[in-house]
Amino acid sequence: MAKKNDTFEYSKIDSRPGESAFKARSSVKAKDVEHRRKINFNIGRYNAVVPVGKTQFYDLETARMIAKNKKWEAIEHLDQSLLRFETELTKRGGEVIWAQDAEEALINILEICKTVNCKTVVKSKSMVTEEIHLNAFLGKHGIDSIETDLGEYIQQLDEEPPYHIVTPAMHKSKEDVARLFTNKLGTEPNLNPSQLTQIARYKLREKYVQAEVGVTGANFLIAETGSIALTENEGNGRLSAGYPKIHIAIVGIEKVIPKLEDLALFWPLLSTYGTGQFVTAYNSIISGPKQKTAETDGPERMIVILLDNGRTKMLADAKTREAMFCIRCGSCLNACPIYKNIGGHAYGTTYSGPIGKVITPWLRGIPDYKHLSNSSSLCGNCTEVCPVKINIHELILNNRHEAVVRGESKLSERLAWKVWKMSSNSRMLMNSGNGNLKNKVVGGLFTAWNKHHAPLEFAPKTFNQMWKEQKKKN
């Protein structure tokens, strides 16, 4: 029996919480020119195809607003939406487990695996399983958990967590993957991407035959029909859900949408903003286990685990609740200047980039992760590209406010901002000590700025002073 508070390491990536660890990781990656070249190359390819995907929409802005309103409807009535989902799924023999936290989800998964003496699990399309560290937990209990999506499989071979929400191995070049396969699988060096894909396919097909349990996430929970919707490009989600005897879908409670017909909007939006496609290659709607009287294929049992794990904390906050509209397309990561410089692993979290900065402090604790909200330029590009129009940069700013309100800011920081506010509200103080004096005072108050930026240089005169002088001349 698994116990609460089991501890385990799941990655060779340093994922320690805290501001100092984040800054250390960020400093290393920001100076890594080769790392930046790779991610900017891959993001550049993404930027080239997304405009093509957008052409399928007659009125894109209206489509985005309708999608936001539908997510608002589902989240505002989340209790009713989830209960209806459970009712409809159980009508067709599906099972629903409500998990308050990661430990509860893991214990339930282990108990299900024990019912079939499970030795091998095949897993597809689930960031939530990364959130609860499922692979390491199952490994600790003698169960081999295999990633079947190519990007995730590459990351698992390299003992790294996903780098990106949609493209887990974005930071790797084809040469990196070839070397990895040579080192881990004994393949010939310098294989091309097509050959590498065929090798991965051969290795993974063996695992499907062996697996007693398949684990997936879900892109959407459909309240009206009690179905989960999966969108992918490799077909591994269908194999993971349909081939083993048991299918477990682990899904965050925020993934719910009201009606089946809503997929006609959400699937193209997710595809366009996630990969630049009109629609992904494989789109599946799964509404329970195989029906004994009418179906020969499919799992004997289907269990959906509805995971809270801090999400109701976001739900309870009137402003942060908007973050639950997220459909995990990854577009805000690709648009973020910070992410482009430090990459996904620097965050030390499951969800990186702008949306990760918003939700991680609520999922994993504001004291340990409040610093993420400060690592933002607040340029608003994340909000601009969000397909469901989440005001991400405003939510990042709200997180900063929340940390201060909860007493999580340093005394020196609070004093510095009080002095700044007092000075900004006084024209006399603003016009005093221009040039060197201001440079020394402000530089002394905001020492962290000088560690990573060029020294502040104030103008000899303020605009107010120059304006008055100009008016005198006229």
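Biologist: Let's begin with a pairing: which residue in E9 is the bridge partner of Ile228?

Modeller: In E9 that partner is Ile286. Before we go on, this is a predicted model, in which local features need pLDDT of at least 70, side-chain atom pairs count only at pLDDT 80 or more, and totals for chains, interfaces and linings use all residues. Residues are numbered from 1 along each chain as its sequence is written, and side-chain values use heavy atoms, with hydrogens and water left out.

Biologist: What makes E6 and E9 paired strands?

Modeller: Strands (E, at least two residues) and helices (H or I, at least four) are DSSP runs, numbered from the N terminus. Two strands pair if DSSP finds at least two bridges between them. Five bridges join E6 to E9 (residues 282-286), running antiparallel, so the pair meets that definition.

Biologist: How many bridges link E5 to E6?

Modeller: Three, also in the antiparallel sense, with E5 covering residues 220-222. Phe220 stands opposite Ala229 in E6. The two strands form a hairpin with four residues between them, and Gly226 in the turn has a positive phi of about 65 degrees.

Biologist: Why is Phe325 called buried?

Modeller: Buried means under 20% relative accessible area, exposed over 50%, and partly exposed in between (1.4 Å probe, protein chains only). Phe325 has 5%, so it counts as buried. This residue lies in the loop between helix H13 (311-316) and helix H14 (331-335).

Biologist: Which residues does Phe325 touch?

Modeller: A contact means heavy atoms within 4.5 Å. Leaving out residues up to four places away in sequence, Phe325 touches Lys68, Lys71, Trp72, Ile75, Val388 and Ile390.

Biologist: What makes H16 largely enclosed?

Modeller: Of its 12 residues, 11 are buried, so the rest of the structure largely encloses H16. Among the buried ones are Lys357, Trp362 and Leu363.

Biologist: How do you know that the length of H16 agrees with expectation?

Modeller: The expected span is 1.5 Å times one less than the number of residues. For the 12 residues of H16 (residues 353-364) that should be 16 Å, and the end C-alpha atoms are 16 Å apart, so the two agree.

Biologist: What is the average pLDDT of the protein?

Modeller: pLDDT is the predictor's confidence in each residue, from 0 to 100. The protein averages 91, and 96% of the residues score at least 70. Over residues 1-13, however, the pLDDT is below 50. Where pLDDT is low, the predicted coordinates should not be read in detail.
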